[in-house]
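Please look at the sequence and the structure shown here, and keep both at hand while reading.

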Amino acid sequence: MNQSSAGHLLWLIRSGRASTRGELQRITGLSRSTVGQRLDQLFRAGWVKESAGDPVEAPTGGRPAVRLRFDVSHGVVLCADLETRHARAAVLDLGGTVLAEHSGALLINQGPDEVLDRLAQWFVMLLEKAGLAPASVCGIGLAVPGPVDTSLGQVVQPPIMPGWDRYPLVDRMRASFAAQVGEAGAAIPVLVENDANLMAYAEQREGFPDCSAFLLVKVSTGIGAGVVVDGEMYRGFDGAAGDIGHIRLSDHPRALCRCGSYGCLAAVASGRALAEQLTAAGVPTASGSGVRDQLTIGQPDAVRLAREAGRLVGGVLATVVTLLNPGVLMIAGDLAGPPFLTGVRELLYQQAMPRITTYLQVVTSRLGERAGLTGAAAMVVESLYAPDRADERLNGT
C-alpha cells in the first residue's frame, strides 16, 4: 500500500483513523502541502467533503478543526440477493443506506440469462423510483446461493443453481444492465459472492465489529455458512469454505441430496427438506419460506421438525466451532426461530467442549432480509475505494 497516495488518505478517512488534515499529517508523516494536494484530488472526484468541526473540540477558544468525511452520496450501488424462488434488489448509497428496494418471485432454476435480464429491469425500475440517473451507479453486487470463484466472478458447481456452473456471470450482468441503460452501464464493475459470506460480512460489520472470528449459518432452502476473520470474509482455497450443508451424516444414509449424494445435512435439515417432510405429514409446504410461515403460526409439526433439524445442525456445528473458535455464532435464514435455535443449542452445548462454548454468543440475525444486500453493497464499496483501486480510478487507469 502506497501510504503517501490519495487512495491511502481516503482509506484513513473512511476507516475513521483520521478526520482532520492534522491527523493525516501525523499518521502519514506527509507535509502539509502534500496532504493538501492529495485531498484536492479527492475533493475534485467528489469523494470527500469538509465540514466545520464541533466547537467543543476547541475548548481553549480557538477555531475548531475542519472535519473530513467520505461523501456517501456521490454515487450509488445496485445489489441483488438471489434465492432459489425469490430475489431482493435495492439501490443503496455508499454508506449502505437503502434508497429504493424491490422483492419478488424469481426462479433461479430458470437459468442465468432470464434471471439476470430480469434483475437489470428491476435495477432500472429502482433507479427511477429513487430519482437517480444510471450514471450515478458505481458498481453492482450480487449475492448467490452457491460457491463462488471470486477471482473469475463465476459460480462453481452449485447444487441448487442448474445452468449457472462457470457461467460468465459478471459479463452477462453488465451486458444486461447496459442493454437497459445504454453506454452508462457498459463499464460498470460487477462483483459476485456467496450469499452466506455476504450476510456474515454485513452482520459482523454492523453488530459485532470487535469480533475477530464470526460465524453465520444460513438455513433456508439449503444450508451454508459464512466466516469473517479479522474483518475479512474467509473463502477457503477456491471459494468453497462454509458449504456445511453437504457434510455427511452417518445415520441418514438414504437421504438423497440435490447434489446427488446421500446423507448430506441439507437433505434432512434444510428448509427444502422440512417442506417435503411437512407435505408428507399432510401439511402442504412448497419451500423454506413456507416452513417459516408454518412456524410463524406455531404449526405443531413444523415446530417439532424445526427443533429436530436444529439438533442435527447443532451436532455438525459442534465440530465447526471447535475448529474455528468463533466469538459469535449467528443463525439466519427461514428457519432461524426459537424451535430451530433451541435444537442447535441442545446439541452444540452437549457435544462441544466447555472451553469453546463458554464465551460463545449464539444469536439470530439482526439485519434480517437485508443482510445479503447490505453485505453486497459493502463488498462493492470496499473494492472500489480500496487504496490501490481508488488511486487507479483517480488516475483514470
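The report below goes from the whole chain to individual residues.

## Overall form

The coordinates are those of a predicted model, and the protein in it contains 14 helices and 14 strands. The radius of gyration is 23 Å, close to the 21 Å that the globule rule gives for 397 residues, so the protein is as compact as a globular protein of that length. Taken along the principal axes, the box filled by the C-alpha atoms is roughly 70 × 55 × 40 Å.

When contacts between residues at least 6 apart in sequence are considered, 59% of them join residues that are at least 24 apart.

## Surface, burial and charge

Of the 397 residues, 51% count as buried, while the accessible surface of the protein comes to about 17800 Å², with 49% of that area belonging to carbon and sulfur atoms. As for charge, there are 35 positive and 39 negative side chains, and the centres of these two sets lie 3 Å apart.

## Serine 19 and threonine 28

Serine 19 is placed in the loop that runs between α1 (6–14) and α2 (21–28). Its relative accessibility is 17%, and because the cut-off for burial is under 20%, serine 19 counts as buried. The side chain of serine 19 makes a polar contact, at 2.5 Å, with the side chain of arginine 67.

Leucine 373 sits in helix α13, which covers residues 371–384, and has a relative accessibility of 0%, which places it among the buried residues. With neighbours within four places in sequence set aside, its contacts are Cys79, Ala80, Asp81, Arg88, Ala89, Ala90, Leu92 and Glu101. Leucine 373 can also be located relative to aspartate 165: the two are 208 residues apart in sequence, and their C-alpha atoms are 22 Å apart in space.

Alanine 255 is found in the loop between β12 (232–234) and α7 (265–269), and its relative accessible area of 15% makes it a buried residue. Not counting residues up to four places away in sequence, alanine 255 touches Ser261, Tyr262, Gly263, Cys264, Ala267 and Val268, and the numbers of Ala267 and Val268 fall within the range of α7 (265–269). Between alanine 255 and glutamate 203, which are 52 residues apart along the chain, the C-alpha separation is 32 Å.

## Residues with positive phi

Which backbone angle draws attention to glutamine 157 although it is not a glycine? Glutamine 157 has a positive phi of about 45°; it lies in the loop between β8 (154–155) and α5 (169–181) and is exposed, with a relative accessible area of 63%.

Asparagine 325, which is likewise not a glycine, has a positive phi of about 50°. The loop that holds asparagine 325 is the one between α10 (300–324) and β13 (328–332), and at 41% relative accessibility asparagine 325 counts as partly exposed.

## Threonine 296

Threonine 296 lies in helix α9, which spans residues 288–296, and is exposed, with a relative accessible area of 63%. Threonine 296 and threonine 322 are 26 residues apart along the chain, and a distance of 32 Å separates their C-alpha atoms.

Definitions and conventions. Residues are numbered from 1 along each chain as its sequence is written. This is a predicted model: local features need pLDDT of at least 70, side-chain atom pairs count only at pLDDT 80 or more; totals for chains, interfaces and linings use all residues. Side-chain values use heavy atoms; hydrogens and water are left out. Helices (H or I, at least four residues) and strands (E, at least two) are DSSP runs, numbered from the N terminus. The radius of gyration is taken over C-alpha atoms; the globule rule is 2.2 Å times the number of residues to the power 0.38. Buried means under 20% relative accessible area, exposed over 50%, partly exposed in between (1.4 Å probe, protein chains only). Contact means heavy atoms within 4.5 Å. Accessible areas come from the Shrake-Rupley method with a 1.4 Å probe; for residues, only the protein chains shown count as cover. Lys and Arg count as positive and Asp and Glu as negative; His and the chain ends are not counted. The place of a charge is taken as NZ of Lys, CZ of Arg, CG of Asp or CD of Glu. A polar contact is a pair of N or O atoms within 3.5 Å; within protein, one must be able to donate a hydrogen and the other to accept it, and residues adjacent in sequence count only if both atoms are side-chain atoms.
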